[in-house]
Amino acid sequence: MSGTVAEKLIADHLVDGEATPGTEIGIRVDQTLTQDATGTLVMQELAALGLDRARTERSVQYVDHNLLQADERNAEDHEFLRTAAQRFGLWYSRPGNGVSHPTHMQRFGVPGKTLAGSDSHTCAAGSLGMLAIGVGGLDVARAIAGEPLYLRMPRIWGVELTGELPPWVSAKDVILELLRRHGVAGGVHRIIEYHGPGLAGLTAMDRHVLANMGAELGATTTVFPADDAVRAFLRAEDRADDFTPIAADPDARYDIDERIDLSTVEPLVARPSSPGDVVPVREVAGTPVGQVVLGSSANPGLRDYAVAGAIVAGRRIADTVSFDVNPTSREILVDLTRMGVVARLIQAGARLHQTGCLGCIGMGQAPAAGTNSLRTFPRNFPGRSGTPDDRVWLCSPETAAASALTGTITDPRELADRLGLAYPELTPPEHASVDTGMVVAPPPRAEALAIEPVRGPNISELPELDPLPDTIEAPVLLVLGDDVSTDEVSPAGAAALPYRSNIPKLADFTFTRLDPDYPRRARETGTHVVVAGANYGQGSSREHAAITPRYLGMRVVLARSYARIHAQNLANFGVLALEFAEPGDAAGIRVGTTLRLTGLRAALGAGDTLTVHDLDAGRDIPVRHRLSPRQVRMVLAGGLIPLLRNESG
């Protein structure tokens with residue numbers, strides 16, 4: 001068919017609905033990705049669904065988030081995930097093998113395939129010409145069980161790249177430029193598709209940077225063509241046979257058009273505490289920094305470390321800076337070692353950490369309170385680093401390395417002029433140090449069915465979810481602003497993450513970054529309502545941000561608008577997500593206001609408009625929902641698992 005890359009990928013996998021923007025569609029899923037911060041619930045959901053064996057072409061369970069083993073809990077999760085992956089027929093990437101997104105790209109990514117992952121940065125695989133979408137764990141569990149992935153058909157946002165990047169500017173600056181223009185909600189219900197002559201200068205791993213941080217724009221996913229850059233990447237990974245060319249047709253038309261002249265992009269930085277608060281580095285140059293961190297799925301490539309190593313080679317970082325390096329995969333770490341990059345970084349004063357997400361998810365490397373931490377990460381939401389009073393900035397490897405040397409935020413172009421540095425010319429190895437020994441294949445079916453997953457004492461059962469009452473009369477326990485992230489609903493960090501598979505205990509952390517007393521008040525109150533602003537639930541795909549408040553009694557959220565993944569997660573666990581028909585109606589609602597909804601079953605079945613009665617003010621508030629008929633059935637049943645249980649008998 002004639003069309004864009006995104007349209008072709010969707011058409012090849014469409015199994016339900018019509019690909020008209022705004023309507024719900026179902027697509028066939030070829031591959032799935034789960035990681036340890038979300039995977040333990042997925043494995044429990046597979047058991048609840050009664051799955052015998054994964055029905056995808058390939059499903060992979062990674063261990064890359066909860067790597068710090070300060071006590072027994074993370075180790076228990078790892079053993080549960082290893083044995084559950086064997087039981088259900090998933091591949092298992094062992095702790096230390098690498099961050100899921102670049103590792104999946106290296107080992108399993110295939111142009112033209114679909115990938116559903118229980119991590120919002122799953123979209124990074126779009127760099128290979130895949131349709132890769134981050135969703136909640138329950139949606140991934142359904143995909144593993146062979147069911148379609150349902151989503152609202154996005155609009156296609158074509159971003160034409162022209163020109164070439166100047167020295168000291170890299171792919172991270174390009175995605176920061178898009179965030180500078182559009183903010184953290186600019187891509188909601190859109191697929192970003194990059195095209196144009198500027199692509200010729202971007203490697204597959206450069207494209208990974210752009211695709212990964214499409215999640216920060218709120219985009220459904222990002223896609224690139226599968227061209228010579230993708231062919232070269234797969235050849236270097238000894239997977240040349242997996243290459244299939246995919247390109248948009250010359251007459252392809254996009255729903256939204258945009259252009260970026262790469263030659264005009266300059267070093268950029270996102271200020272604390274939003275990926276969308278982007279300014280030129282030169283405007284904040286001189287700001288002191290106490291920590292600089294290289295790594296994460298946002299800058300995972302060999303060149304990202306190698307360029308930093310070249311900048312600091314033969315020099316010492318500032319005495320005031322902790323320079324932390326998180327390699328993203330064992331393969332990349334081996335190649336960096338062979339190239340001498342690791343030695344250059346360490347000799348400059350870097351602290352080398354194990355391969356994994358680590359500081360990106362607040363599992364270690366928490367900065368000192370009130371100090372500036374400059375990171376090549378995708379997110380800087382408040383407190384995500386593990387420090388409540390953090391000040392995290394996001395930047396490119398070039399800016400990070402320059403700033404590590406000076407101890408202040410530094411434009412790498414200025415440092416180059418001062419020191420007489422030429423922009424590094426890097427020569428990566430023609431063939432990567434491929435190592436498949438840390439990825440364990442699933443056993444044969446007969447052997448797998450006899451395996452019982454090992455459940456440590458920290459692994460709880462999924463909570464029982466009751467149907468939505470026909471009448472809800474409940475107080476408002478929280479009134480929140482715009483852009484509340486799932487990090488603020490269910491925090492990351494070394495304190496909370498070890499309880500990812502223990503919902504009753506994890507519930508103790510719910511909303512505590514916004515109201516430390518919320519868990520106690522919620523337990524005492526029972527059924528309650530949360531009111532929020534625009535783009536509620538941005539960021540991580542973690543379904544815990546829907547499960548734990550539901551466990552504590554939250555049955556309704558009333559917001560101006562929702563982030564895509566979180567809206568689906570709320571429906572998956574039976575929480576009714578409503579929007580104000582008139583945003584100004586939120587002004588009169590306070591903590592303690594009692595709201596009443598009546599005749600919910602009839603109202604939800606009849607259309608998308610409802611009325612909320614404010615008992616304190618004696619007024620009716622018109623609201624709407626954006627649930628599909630499938631999602632309405634889910635919410636009424638109390639969630640997807642109760643619905644499936646009811647439908648099966």
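Me: Is Asp 483 buried, partly exposed or exposed?
Reply: The model is a predicted one. Asp 483 belongs to the loop between strand S21 (472-479) and helix H16 (486-489), and has a positive phi of about 60° although it is not a glycine. Because its relative accessibility is 32%, Asp 483 counts as partly exposed.

Me: What is the relative accessible area of Gln 365?
Reply: Gln 365 sits in the loop between strand S17 (351-352) and strand S18 (372-375). Its phi is positive, near 60°, in a residue other than glycine. Most residues other than glycine have a negative phi. Gln 365 is buried, its relative accessible area being 13%.

Me: How many disulfides does the structure hold?
Reply: A disulfide requires two cysteine sulfur atoms within 2.5 Å. The structure has none: for Cys 123, the nearest cysteine sulfur is that of Cys 360, 13 Å away. The sulfur of Cys 360 is itself 6.1 Å from the closest cysteine sulfur, in Cys 357, and therefore too far for a bond. The number of disulfides is zero.

Me: What is the relative accessible area of Cys 123?
Reply: Cys 123 takes part in no disulfide. The cut-off for a buried residue is under 20% relative accessible area. Cys 123 is buried, at a value of 1%.

Me: What span does helix H3 reach from its first C-alpha to its last?
Reply: Helix H3 (residues 72-88) has 17 residues, for which 24 Å is expected at 1.5 Å a residue. Its buried residues include Phe 80, Leu 81 and Phe 88, and their cover includes helix H2 (36-48) and strand S5 (91-93). Just after H3, Gly 89 has a positive phi of about 85°. The helix reaches close to the expected span, at 24 Å.

Me: What is the radius of gyration of the protein?
Reply: The C-alpha trace spans about 70 × 55 × 55 Å along its principal axes, and 63% of the 649 residues are buried. A compact globule with 649 residues would have a radius of gyration near 26 Å. The value for the protein agrees with this, at 24 Å.

Conventions:
Residues are numbered from 1 along each chain as its sequence is written. This is a predicted model: local features need pLDDT of at least 70, side-chain atom pairs count only at pLDDT 80 or more; totals for chains, interfaces and linings use all residues. Side-chain values use heavy atoms; hydrogens and water are left out. Buried means under 20% relative accessible area, exposed over 50%, partly exposed in between (1.4 Å probe, protein chains only). Helices (H or I, at least four residues) and strands (E, at least two) are DSSP runs, numbered from the N terminus. The expected span of a helix is 1.5 Å times one less than its number of residues. Contact means heavy atoms within 4.5 Å. The radius of gyration is taken over C-alpha atoms; the globule rule is 2.2 Å times the number of residues to the power 0.38.
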